[in-house]
Amino acid sequence: MLNNLTDCEDGDGGANPGDGNPKESSPFINSTDTEKGREYDGKNMALFEEEMDTSPMVSSLLSGLANYTNLPQGSREHEEAENNEGGKKKPVQAPRMGTFMGVYLPCLQNIFGVILFLRLTWVVGIAGIMEAFCMVFICCSCTMLTAISMSAIATNGVVPAGGSYYMISRSLGPEFGGAVGLCFYLGTTFAGAMYILGTIEILLAYLFPAMAIFKAEDASGEAAAMLNNMRVYGTCVLTCMATVVFVGVKYVNKFALVFLGCVILSILAIYAGVIKSAFDPPNFPICLLGNRTLSRHGFDVCAKLAWEGNETVTTRLWGLFCSSRFLNATCDEYFTRNNVTEIQGIPGAASGLIKENLWSSYLTKGVIVERRGMPSVGLADGTPVDMDHPYVFSDMTSYFTLLVGIYFPSVTGIMAGSNRSGDLRDAQKSIPISHGSSPKTETGELEGVPSPELRPWDRR
């Protein structure tokens with residue numbers, strides 16, 4: 001029996017219930033690594049769970065899941081986790097872009113958007129040149145303050161992926177970060193819809209009007225026909241965009257310079273058109289009845305009467321305001337009192353148009369768009385306006401704050417660069433260079449900001 005006991009002590013089975021290292025005291029269930037178990041001998045396991053980096057207990061595993069943070073790959077926390085895993089996972093190298101490709105170009109592409117090409121001219125025409133400058137100054141001031149604050153935060157700590165949401169949540173707290181992140185998500189979603197509708201409007205209203213599937217029979221049905229066209233073509237464009245995103249946005253980034261080149265050429269074409277129209281205005285006639293603007297839908301000749309052979313005949317415009325095509329027909333009172341004239345819609349900068357449009361001309365929904373400075377014989381107060389006549393009506397009530405809300409999304413493009421912080425080679429340097437500057441001391445630190453070791457968000 002003594003020999004058998006000695007054999008058991010010397011054999012591979014080694015430990016027995018009396019050797020001081022019972023199996024039940026090991027924190028690793030079904031583990032045969034005794035050295036790993038001895039690492040935690042004599043320690044209170046409930047107090048030192050965070051030190052168990054390898055093969056943790058169930059409680060430590062649950063604690064790690066509860067404290068999970070969705071930090072992007074490339075941040076310091078994930079790099080430490082990958083190093084502790086001993087190379088089990090192959091690190092994925094994210095694309096590293098510089099300041100120009102990663103921040104500057106995305107900002108320009110978002111600022112030079114659909115509002116600049118479609119709505120800015122309308123905003124200036126309604127608000128006037130002076131109030132339009134005031135509106136642009138207000139919007140750009142908000143953007144400048146945001147850019148300076150963003151630059152200060154970016155130079156004051158490490159900026160991994162997450163962009164604006166990461167910086168706001170780490171500086172103001174997760175409550176502010178979550179609220180701003182939700183608003184930014186909704187804003188980006190609606191901005192995508194806005195760009196799709198703007199694309200279709202440019203396509204059908206200016207480039208290829210013949211591509212319209214639904215066409216209006218009269219002027220009152222043009223809005224409904226355009227809306228139906230936007231639904232059909234918008235679905236097609238959205239499907240194409242979803243396909244591109246599914247394939248990979250990196251292919252879109254490769255053509256970023258091409259897209260930006262097209263936008264810059266378009267802006268240069270606008271300036272070239274302004275210079276050319278000042279000396280040689282294009283032929284863009286607009287028909288006026290008195291000082292009221294008429295829609296070209298329904299007639300071709302801007303005149304009441306026309307000559308055919310040796311006799312005077314009425315035109316299609318006459319038939320729209322009168323009961324018949326004959327000269328003795330009963331006509332609308334305003335049509336009878338006022339003359340029909342034709343003016344150029346783009347008279348050029350040399351025509352004194354800038355002086356005439358210095359001040360605002362806000363409109364109420366449903367009123368007739370009138371040309372200031374044109375002679376007109378008005379009607380008695382309270383005389384109803386026939387909505388079936390081919391007048392151009394205002395489709396919305398406009399005021400200053402409304403125009404600010406319409407224009408403001410065009411200056412929010414600065415977020416496009418900061419949101420690519422995970423793809424930047426050095427986000428802490430590229431974001432401040434493109435968005436603003438911060439006062440620094442000779443050592444590169446912000447004035448009045450404590451050293452990095454005293455910053456609470458850098459503490460571990």
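User: What makes β3 and β4 a hairpin in this predicted model?

Analyst: Strand β3 (residues 305–308) and strand β4 (residues 311–314) pair in the antiparallel sense, with four bridges between them. Two residues separate β3 from β4 in the hairpin, and in the turn Gly309 has a positive phi of about 70°. Across the pair, Ala306 stands opposite Val313 in β4.

User: How do you know that β1 and β2 are paired?

Analyst: The criterion is at least two bridges, and two bridges join β1 to β2, so they count as a pair. The two strands run antiparallel. Leu288 stands opposite Thr293 in β2.

User: Why are β2 and β5 called edge strands?

Analyst: The open sheet has three strands in the order β2-β1-β5, with antiparallel pairing. Strands β2 (292–293) and β5 (340–344) each pair on one side only.

User: Why are α6 and α7 described as roughly perpendicular?

Analyst: Helix α6 (residues 114–154) and helix α7 (residues 163–172) pack at an angle of about 75°. Angles of 65 to 115 degrees count as roughly perpendicular, and therefore the term applies to α6 and α7. Their axes are 11 Å apart.

User: What is the helix content of residues 101–120 and of residues 255–274?

Analyst: UniProt, in an unreviewed entry, lists both spans under "transmembrane region", together with 132–159, 179–209 and 230–249. In the model, residues 101–120 are 90% helix and 0% strand, and their end C-alpha atoms lie 27 Å apart. Residues 255–274 are 95% helix and 0% strand, with the end C-alpha atoms 29 Å apart.

User: Where in the protein chain is confidence lowest, and where is it highest?

Analyst: Helix α1 (residues 2–10) has the lowest confidence, at a mean of 46, and strand β1 (residues 285–289) has the highest, at 93. The mean pLDDT of the chain is 75, with 71% of its residues at 70 or more.

User: How many contacts beyond four places in sequence does the model have for residues 68–76?

Analyst: The model has 17 such contacts for residues 68–76, where pLDDT stays under 50. Over residues 437–460 pLDDT is also below 50, and that stretch has 32 contacts beyond near neighbours in sequence. Where pLDDT is low, predicted coordinates should not be read in detail.

Notes. Residues are numbered from 1 along each chain as its sequence is written. This is a predicted model: local features need pLDDT of at least 70, side-chain atom pairs count only at pLDDT 80 or more; totals for chains, interfaces and linings use all residues. Side-chain values use heavy atoms; hydrogens and water are left out. UniProt positions are given in the numbering used here, feature names are shortened, and annotations may be inferred rather than shown by experiment. Axes are lines fitted to C-alpha atoms, for helices over the stretch in contact, and angles run from 0 to 180 degrees between N-to-C directions. Angles under 35 degrees count as roughly parallel, over 145 as roughly antiparallel, 65 to 115 as roughly perpendicular and the rest as oblique. pLDDT is the predictor's confidence in each residue, from 0 to 100. Contact means heavy atoms within 4.5 Å.
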